[in-house]
Amino acid sequence: MEDYSDGDVHTIGVVVYDPDSAEMEMFADYYRDYIQEGFPVKFIFSGKIADSEEEKAFIEEAKAEGAEGIISFAGYADGLTNVIKTCEEEEIYYALGSNTVSDENYEVIKYNPWYMGSVGPDLETVYQAGCDMTEFFLDKDARNIVIMSGGASSGNRLHQVRTWGMLNTLEEKAGLVLDEDAEKLSATDKVTELTDKDGNLHVTICPGYTEMDGPGLENLSTAFADGTCDALMSAFHVSTYLDKIADKEKEQDSNIMVGAIDSFTDDNFELFKEKDMFGNPPVDYAQGKYASLAGPAFAMIYNAITGNPDAVKENGQAARLYQGFWTATTQKEYTELYGYATGIYENAYSCDDLQGVIKVFTEDTTPEKFKELTESYTVEDVKARIFGEE
């Protein structure tokens, strides 16, 4: 890895939605332990930011501490336009690190010179993640399935869209009978039991978060009390209720296949190395974001604060760039992908890759080149960059 850390040190504020989240920790470690070592930059991380008012307050504090740009992993949709107004007042650049912007909000802020753009999964990719995981377990003959829908019932659009994908796939591929539209049903706030017309497929939707004794834990106990379970599909992480899954496996004396749309975090890396009472990993399927997906958002802001927003923006219009997820179904696969996402010498988005789209290092870079790198997120793309494979 080449060192680009000479020169004036620039300060960037990072908006953290929850410092205790394994996913947020994963992104923060990439910035702190990798990017900060390779570029002349210092990151200031917020505490927990629960709404746009707290985000605006942090932006003002970061500016007072010398920050020239903000990378936000919050981006609360209901207050985003006001957050950008704050950035304009403070004269500080802003980018969304792993999120997307609604068409309505984008129209309001797309030409604001202080808003650089967004990098994250589009809703079609999020929906497909639910479909893919469902097909994986149906191929393994899952017939008694619990769906953990997380925040789908309380306004978390990503959890709801993933659950929607699961339900539609179960209807289309396995004959599940839905008593209302899948999109609406995915946001249910009650434990909901569904079957196919012959009663050979049983699906239970369990809504609610599982942190801090959230309602999801009680709902899972309710679902587990009613018969056996051979697969659990989660629209979010599983780490806070693996003990309940293990207890249920012991009670029914059979394995439960577990899948989560989460992230390639340290926690999940450790889980894939463990074995349950049947000799299987506690998690059989993981799909989600990985650490260095946050690299292009850094390059976006670094271009802006070094006087080159035109390396990202075309015709003054903020970028809307999209990335998808990685999937692992074995310990070997997870270990390989985790290595690409967190490695110091070989990384999915390395310092060398990023300097190639930062104008102060590579004068002939363009918005097209920036977009091409940002959206080259697949395992195949990454292997091509690391190993020179086509």
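Predicted model: local features only at pLDDT ≥ 70, side-chain atom pairs only at ≥ 80, totals over all residues.
## The seven-stranded sheet

Seven strands make up an open sheet with mixed pairing. Their order is S7-S8-S6-S9-S10-S11-S13. Strand S7 (192–195) and strand S13 (326–328) are the edges, and each pairs on one side only. On average, neighbouring strands of this sheet are turned by 15° against each other, direction ignored.

One partner pair is Ala286 with Ala328 of S13. Helix H8 (residues 215–224) packs on the sheet. H8 touches strand S6 (144–150), strand S8 (202–207) and strand S9 (231–234). The direction of H8 makes about 160° with that of S8.

## Helix H2: length and ends

Helix H2 (residues 52–64) has 13 residues, which should span 18 Å at 1.5 Å a residue. The end C-alpha atoms of H2 are 19 Å apart, which agrees.

Asp51 caps the N-terminal end of H2. A side-chain oxygen of Asp51 lies 3.1 Å from the backbone nitrogen of Glu53. Gly66 follows H2 and has a positive phi, near 100°.

Ser52, Glu55, Lys56, Phe58, Ile59 and Ala62 are buried in H2. These residues cover an arc of only 160° around the axis, so they sit on the same side of H2. An α-helix has 3.6 residues a turn, so residues three or four places apart point the same way.

The buried residues of H2 pack against strand S1 (10–16), strand S2 (41–48), strand S3 (69–72), helix H3 (80–90) and strand S4 (93–96). Glu53 and Ala64 are exposed, on the face of H2 turned away from its buried side.

Notes: Residues numbered from 1 in each chain as written. Heavy atoms only, no water. Pairing = 2+ DSSP bridges. Helix = DSSP H or I, 4+ residues; strand = E, 2+ residues; numbered from the N terminus. Axes fitted to C-alpha atoms, helices over the stretch in contact; angles between N-to-C directions. Contact = heavy atoms within 4.5 Å. Expected span 1.5 Å × (residues − 1). Buried < 20%, exposed > 50% of the residue type's maximum accessible area, 1.4 Å probe, protein only. Arc of directions from axis to C-beta. Polar contact = N/O pair within 3.5 Å; in protein donor to acceptor, adjacent residues only side chain to side chain.
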